[in-house]
Amino acid sequence: MTAEAPSARTPQSAKTLTDLNAPQQRAVALPVTQPPTHGLILAGAGSGKTRVLTTRIAWLLAGGQARAHEILAVTFTNKAAREMTTRLAAQTAVNVRSLWIGTFHGLCHRLLRLHYREANLPQSFQILDVTDQLAAIKRLCKTLNIDDEKYPPRELQYFINAHKEKGLRAGEVETWDDITRKKAEIYAEYEAQCQREGVVDFAELLLRAFELLSRNAPLRTHYQQRFQHILVDEFQDTNRLQYDWLKLLAGGGAAMFAVGDDDQSIYAFRGAEVGNMRDFEREFAGKQVIRLEQNYRSHGHILAAANALIQHNRERLGKELWTDAGAGEPIRVYEAASDQDEAGFVVDEARALVEEGSSRSQIAVLYRSNAQSRVLEHELFSRGVAYRVYGGLRFFERQEIKHALAYLRLIANPDDDTAFLRVVNFPTRGIGARSLENLQASARQINASLYTAAASLSGKAAVTVGGFVRLIESLRAAIVALSLPEQIEQVIEHSGLAGHYQNEKEGQERLENLDELINAAAVFAGSDEATHADESGGMLPAFLGYASLESGERQAGEGEEAVQLMTVHAAKGLEFDVVFITGLEQGLFPHDNAISDARGLEEERRLMYVAITRARQRLYLSSAQTRMLHGQTRYAMPSQFLVELPPECLKLLSRQKSARSDAAFWREGFVSFKRPPAAARERVDGAPEFPGGLKLGMNVRHAKFGFGVIIDAKGSGEEARVEVNFGSAGIKWLALAYAKLESAST
DNA sequence: TGGGAGTGCTTTTTT
DNA sequence: AGCACTCCCA
């Protein structure tokens with residue numbers, strides 16, 4: 001029961017409820033019962049998912065159904081967590097701070113900070129990000145004398161994380177051959193190293209928190225009784241461990257409210273299990289499945305295309321979006337001769353749109369892989385169109401920031417060998433590989449951290465390495481009484497980082513970033529997050545944790561008046577008036593690596609579904625017959641996804657003027673997805689010729705595989721073989737002596 | 001110690 | 001092609 005007059009807020013809450021459509025209302029007002037009524041909300045793209053989630057929380061609070069501290073809301077990104085908090089603050093008078101809203105990792109981090117002893121961690125434990133983790137693994141391999149040809153550190157990292165995400169410790173790994181057995185051994189050594197150094201990686205945050213609750217009955221009971229309502233966003237992206245963690249927390253009778261869209265599951269490649277949605281349906285008794293299918297974002301043709309496309313997937317829970325907005329404009333399709341031509345087309349259209357009054361920031365250019373951005377950027381740049389690329393280095397990943405943080409980490413936790421090695425000789429202090437090897441050897445001998453070992457050195461190393469230790473000690477003493485931003489400022493100055501970058505040619509920007517770090521610390525110190533975090537262990541460790549979990553803004557400014565360039569993955573959750581989906585070629589989108597197996601292809605199709613549903617009013621689809629990739633020209637057929645779209649939603653654009661009517665025109669365009677385009681002839685000129693008059697890039701026809709494009713060739717005479725891309729029939733090597741290939745160019 | 005040359009990789013990515 | 005990483009030499 002909420003003590004302070006809920007009646008005062010009820011009218012407002014009732015009003016928000018009437019703003020919703022019927023299924024949204026049902027979801028928001030899912031009754032609070034005992035035993036609990038769980039909700040699985042299948043929320044299609046643009047169906048008001050976040051709104052339902054926050055309104056549900058507001059409804060629970062306003063009606064006195066739940067108290068703030070009984071609510072746990074989990075998201076995947078910090079951005080989503082922030083957005084939920086902001087929206088909620090606008091919707092309810094309850095103090096949003098007393099709710100637990102955060103990412104899986106953020107919440108687990110909080111649990112571990114609060115109960116570090118029970119979790120068997122030092123109070124000052126630090127978080128390893130992906131880069132730190134890889135460095136730690138490389139270092140481990142070196143100490144253990146592991147052949148990094150046979151066991152590449154990256155593979156080991158994947159191996160370790162994949163198992164942690166399934167909830168498996170090194171001892172629980174299924175070993176069926178020597179390689180796996182060895183990897184499991186390294187995994188065990190890695191765990192021991194992390195434990196010794198007092199560091200946890202991202203996956204460990206989750207696994208450790210899970211184990212903490214599953215092994216410690218009093219704690220488990222405490223949290224199970226506390227959280228009566230667990231709400232999860234983007235449920236389709238959860239991995240096994242996250243799902244188990246949720247189940248464990250909900251085990252005491254909490255109501256689960258999971259919102260997700262199986263059709264937008266595009267992270268299986270990194271461990272997300274859509275199957276969790278099916279499992280939820282099976283495992284949570286007393287659940288209600290509610291479908292949100294009304295789309296408030298896109299015009300009709302765009303939605304029709306998305307629906308038609310996704311229907312080619314077999315593994316679905318089933319859902320069909322509809323809108324009461326009109327059909328809108330047809331989807332514009334353009335088949336370019338080359339990637340440069342494609343870029344030219346995009347920029348032509350974008351400029352025209354801007355001239356007609358469109359905002360540049362409402363135009364997004366999407367692509368499957370980052371490598372594709374180069375050509376687009378070049379064209380936008382040379383023709384003076386402002387643009388922003390998403391992706392790339394983020395603030396807390398910058399070299400100078402990581403250096404500064406490493407000093408701070410070492411001050412907070414001297415056992416952090418990763419941090420030690422990062423800055424022991426940066427800026428250079430004459431500590432070379434040789435002295436470090438000696439140091440590592442003596443550290444191993446006395447089973448202590450590098451820092452501890454460094455303190456007991458003698459001889460020349462005592463001067464250099466010992467000097468570094470004394471530097472850290474004096475920094476720690478000097479900053480102990482200072483505020484967080486002052487602490488960081490001191491460390492940057494007296495570690496020698498500032499001096500180093502002042503002398504460096506390109507150091508100016510780095511210095512500015514270091515200033516920005518001080519700024520970020522000041523902002524952090526005044527935030528709610530800091531108040532939460534400071535409950536356990538002081539401001540500095542709290543800030544370091546924040547810096548690891550919140551990698552910071554991408555370079556791109558979201559609202560800026562610039563055309564937005566990003567991968568389809570990065571576009572998930574965003575929407576734009578105008579969207580270009582580029583590079584729709586078989587082998588690129590869907591990507592080669594995914595085409596061969598059905599599950600991979602379905603994920604690619606979901607990716608395409610996500611891309612299409614980003615568009616509000618206008619959607620462009622483009623492909624290129626020729627593309628420079630990895631320094632080589634590649635030829636490809638248009639993507640099979642183009643063929644899977646309903647032709648009546650499409651309009652083919654062409655550089656050539658046609659006397660024919662629009663309708664006849666697109667019809668011909670549609671056919672061209674199945675038959676090699678006539679324009680392909682142009683690119684055959686100049687290509688090397690092979691026996692039988694065939695050339696690279698030529699369109700051919702095969703009795704069984706149908707139409708295709710020659711993309712490579714080997715050998716000559718009787719031995720001559722060509723590689724042909726047959727689109728949806730796949731890519732095949734054919735011996736010219738046997739395969740009857742006929743030229744299909746007219 | 002730092003830079004230049006040689007080598008290999010290259011889908012998507014948050015925490 | 002472009003980038004990150006390693007190795008070797010001055």
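How many helices and strands are there in chain A? Chain A holds 31 helices and 23 strands, where helices (H or I, at least four residues) and strands (E, at least two) are DSSP runs numbered from the N terminus. This is a predicted model, in which local features need pLDDT of at least 70 and side-chain atom pairs count only at pLDDT 80 or more, while totals for chains, interfaces and linings use all residues. Residues are numbered from 1 along each chain as its sequence is written, chains are lettered from A and ligands numbered from 1 in the order in which they are written, and side-chain values use heavy atoms, with hydrogens and water left out.

Let us start with the chain as a whole. Of the 746 residues in chain A, 54% are buried; buried means under 20% relative accessible area, exposed over 50%, and partly exposed in between (1.4 Å probe, protein chains only). Among contacts (heavy atoms within 4.5 Å) between residues at least 6 apart in sequence, 74% join residues at least 24 apart.

Next, have a look at a sheet. Strands of a sheet pair through backbone hydrogen bonds, either parallel or antiparallel. Here, six strands form an open sheet in the order S3-S2-S6-S7-S1-S8, with parallel pairing; two strands count as paired if DSSP finds at least two bridges between them. Strand S3 (100-103) and strand S8 (287-292) are the edges, each pairing on one side only. From one strand to the next, the twist averages 15°. Within this order, S6 (residues 229-232) and S7 (residues 255-260) are joined by four bridges in the parallel sense, and Leu 231 has Phe 257 of S7 as its bridge partner.

Now for the helices. Two packed helices are described by the angle between their axes and the distance between the axes. Axes are lines fitted to C-alpha atoms, for helices over the stretch in contact, and angles run from 0 to 180 degrees between N-to-C directions. Helix H21 (residues 484-494) and helix H16 (residues 399-412) have axes that come within 10 Å and cross at roughly 110°, so the two are roughly perpendicular (angles of 65 to 115 degrees; under 35 is roughly parallel, over 145 roughly antiparallel and the rest oblique). Their contact involves Ala 404, Tyr 407, Leu 408 and Ile 411 of H16 with Ile 488, Val 491 and Ile 492 of H21.

H21 also packs against helix H23 (residues 507-525), at about 160° and with the axes 8 Å apart, which makes H21 roughly antiparallel to H23. On the H21 side, the contact is made by Leu 484, Pro 485, Ile 488, Glu 489 and Ile 492. The H23 residues include Leu 514, Leu 517 and Phe 524.

Ser 622 sits in strand S14 (residues 615-629) and is buried, at 2% relative accessible area. Among the residues that Ser 622 touches, beyond four places away in sequence, are Tyr 334, Glu 342 and Phe 345. His 630 lies in the loop between S14 and strand S15 (632-635); His 630 is exposed at 74% relative accessibility and has a positive phi of about 55° although it is not a glycine.

Finally, check two peptide bonds. Gln 34 and Pro 35 are joined by a cis peptide bond with omega of about 0°, and the bond from Phe 589 to Pro 590 is cis with omega near 10°.
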